[in-house]
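Please follow the account below with the sequence and the model side by side. It moves from strand pairing to helices, and then to the nonpolar cores.

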Amino acid sequence: MKGWTGKFLRVDVSERRCKVENYDENLALNFIGGRGFAVKLLWDELPIGVEPFSPQNKLIFAAGPLTGLPIASSGKMVVASKSPLTGGYGDGNVGTMASVHMRRAGYDALILEGVSEKPVYIYVEDDKVEIRNASDLWGLSTFEAERKLRENVGSDCGILVIGPGGENLVKFATIISQEGRSGGRPGMGAVMGSKKVKAVVFKGTGEIPVADMDELMKLGRMGYESIRKASGYDFWIRQGTMMTVEWCQENSTLPTYNFREGVFDFAENVNGYAMEKVKIKRRGCPYCNMQCGNVIEDAEGRSSELDYENVTMLSSNIGVGDIRKVGVLNRICDEMGIDTISSGNVIGFIMEASEKGLVNEKIEWGDFEKAKELLYDISYRRGIGNLLAEGVRKISRKLGEGSERWAMHVKGLEISAYDCHAAPGMALAFGTSPIGAHHKDAWVISWEISIGRFKYDDIKVDKVLEFQRIRGGMFESLVTCRLPWIELGFNLDWYVKFFKAATGVNLSLKDFFEVGDRIYSLIRAFWIREYKGDWNREMDTPPTRWFEEPLTKGPLAGKKLDKKLWNELLSKYYERRGWDERGVPRKSTLKKFGLDFTIPILEKYVKLEE
Amino acid sequence: MAFIRALGYLAEYIGGRSMKIRVDKPVKIRDIIKLPLDLEGRIIILVDGQPSTLDSLIVDSDRIVLMPIISGG
């Protein structure tokens, strides 16, 4: 094989055993890589209903055939596992030199299994693999741990690390790299912590096998040039995703006060222009020429890397209207190794719970000092932080009193930063996202606004599906970043050409989309299996708040979603996916995508329709 | 006066984040705002909240919002 290395590295920290495995070419052709590899490995290898923190759960670090090659935005990898937050399939995408070094070391994925007795880190240098003592790293922040590791192993490597959040099994702990790159929202950092693995270091000195290197280099140069010349490039370099704050405020989609509103009185203080005033540098993922990490000097004089999602969830959603204070909250999340989106979501939730008198603690909207304290309490599971560390679904079940109606999650994963009171298509995208409510797979809200946001038309279902195939399927399996495509008009045909040059295999966009559909149905099968068939369309339905409590501020005051019409969208989505009215894949669909092996398992728990 | 608001990089094409312009007779948006060709298909235009195009006619008192199609954070 070319493009793929054809090898997985398996490390069992219980048995302290490492093994290099060749995988079958059909796996590469049917699942491409990244998320595709991850879900197939988890389906095949996890005992059904495995407890996420048990030794039998596995943590997958997976690259794709374009990862680490000199083409646009290819320095990314997928981290995946059975999620302790949702109980289903969980993954995240992180831009890191670790992805490049893993591939140069000769591996397309690392499969981490078992539970170590003592803290360890994994050191991989080409074919040398060691499980090393990490007692001196345990307890350190992600920044401190990575710096200390670099003192030991040098700077020419890629490091993935967890912080106290992961060590203390915070259900939305992430994996961090390069002091600000974060991935694995549904608790991938907690799974790593449960295995007592503080860090993974990759140092690769080999060449990634490529079918036609001359062609790939030529395409790579042309691609970078095309991105650089696109209209809007210079502004992107200035603000990156931070321009989205202004965009969402204008469109009443800025999550505000636990998603009660779509506009924030202090949006001007936390938008891209406010960020530019305190920006000190820019950084981002390897092989990217449109790096979007804006580093500011925060209110404590430290560096903090911002983008739209973390800023919004830690500003408007909790009422903090000062970009430098938001920078502090964001940096603490990165240091502790907890997800900024879920953190902003649970803090917003508990502020509302306090306002409504559901908890004894007084936690007021916009209380920056209290928010800061809560982030540490969550990371160390102190006081009320111990409950917050469980995520908003579990907190609301514990508090009761109808709080489930404004617990802003889908499938247990906290909603990311787009209010959907007046965006039924985006609400469908959140509902059907394969990891729970996340924007990565189908950010349809732009198109939705361009065609009429209040409509419940079939075209919105088609757009969600199209985006899921492109973003959730193609980009997550190749593995490359989705941002050049929409933000700077980088045509999808580039990826077909990159893939051909890297692998020698001719796949059309249609072929990639079919792979995406295969991955989606397998992920859905995984959820149903892990939930032992306790599955219905409510699992794909956004929170009641968006259907029952209209916006009260801004130009769209009075707007909310229509439950009946939205449910019709969901039914049409199921129909086009080949899933039944419960959201369960039909037998014919599973067979069509070569997923016959799931049928006997699923039939133990649900009746499959033909 | 028509009010034009431009988000993100589109602000650079109208010389600021917003502007007012006198519109004496109905005029196409593309006749008053010059955008590079590669941006067509990458932008959203709302006139008084309604989806519109560069060929939509505007009149005095219209509120026009130009924004890039973006894909989130």
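In strand β15 of chain A, A:Ser303 is the bridge partner of A:Glu297; here strands (E, at least two residues) and helices (H or I, at least four) are DSSP runs, numbered from the N terminus. This bridge belongs to the pairing of β14(A), residues 293-297, with β15(A), which is antiparallel over 4 bridges, two strands being counted as paired if DSSP finds at least two bridges between them. The model is predicted, with local features requiring pLDDT of at least 70 and side-chain atom pairs counted only at pLDDT 80 or more, whereas totals for chains, interfaces and linings use all residues. Residues are numbered from 1 along each chain as its sequence is written, chains are lettered from A and ligands numbered from 1 in the order in which they are written, and side-chain values use heavy atoms, with hydrogens and water left out.

The two strands are part of an open, antiparallel sheet of 3 strands in chain A, ordered β13-β14-β15. Its edge strands are β13 (279-283) and β15 (303-306), each of which pairs on one side only, and the twist from one strand to the next averages 30°. Across β14 and β15 lies helix α12 of chain A (residues 323-336), running at about 90° to β15(A); axes are lines fitted to C-alpha atoms, for helices over the stretch in contact, and angles run from 0 to 180 degrees between N-to-C directions.

In chain B, strand β1 (residues 2-6) pairs with β2 (residues 18-21) in the antiparallel sense over 4 bridges, and B:Ile4 has B:Met19 as its bridge partner in β2(B). Strand β1(B) is also joined by 4 bridges to β7(B), residues 63-68, this time in parallel, with B:Arg5 opposite B:Val65. Of the 5 residues in β1(B), 4 are buried, that is, under 20% relative accessible area, with exposed meaning over 50% and partly exposed in between (1.4 Å probe, protein chains only).

Which residues have the most contacts inside the largest nonpolar core? They are A:Tyr89, A:Trp247, A:Met426 and A:Tyr495, in a core of 204 residues, where a nonpolar core is a set of buried Ala, Val, Leu, Ile, Met, Phe, Trp, Tyr and Cys residues joined through side-chain atoms within 4.5 Å. Helix α22 of chain A (residues 509-530) gives the most to this core, with 11 residues. Leaving out residues up to four places away in sequence, A:Trp247 touches residues of both chains, including A:Trp443, A:Ile449, B:Leu7 and B:Ile44, contact meaning heavy atoms within 4.5 Å.
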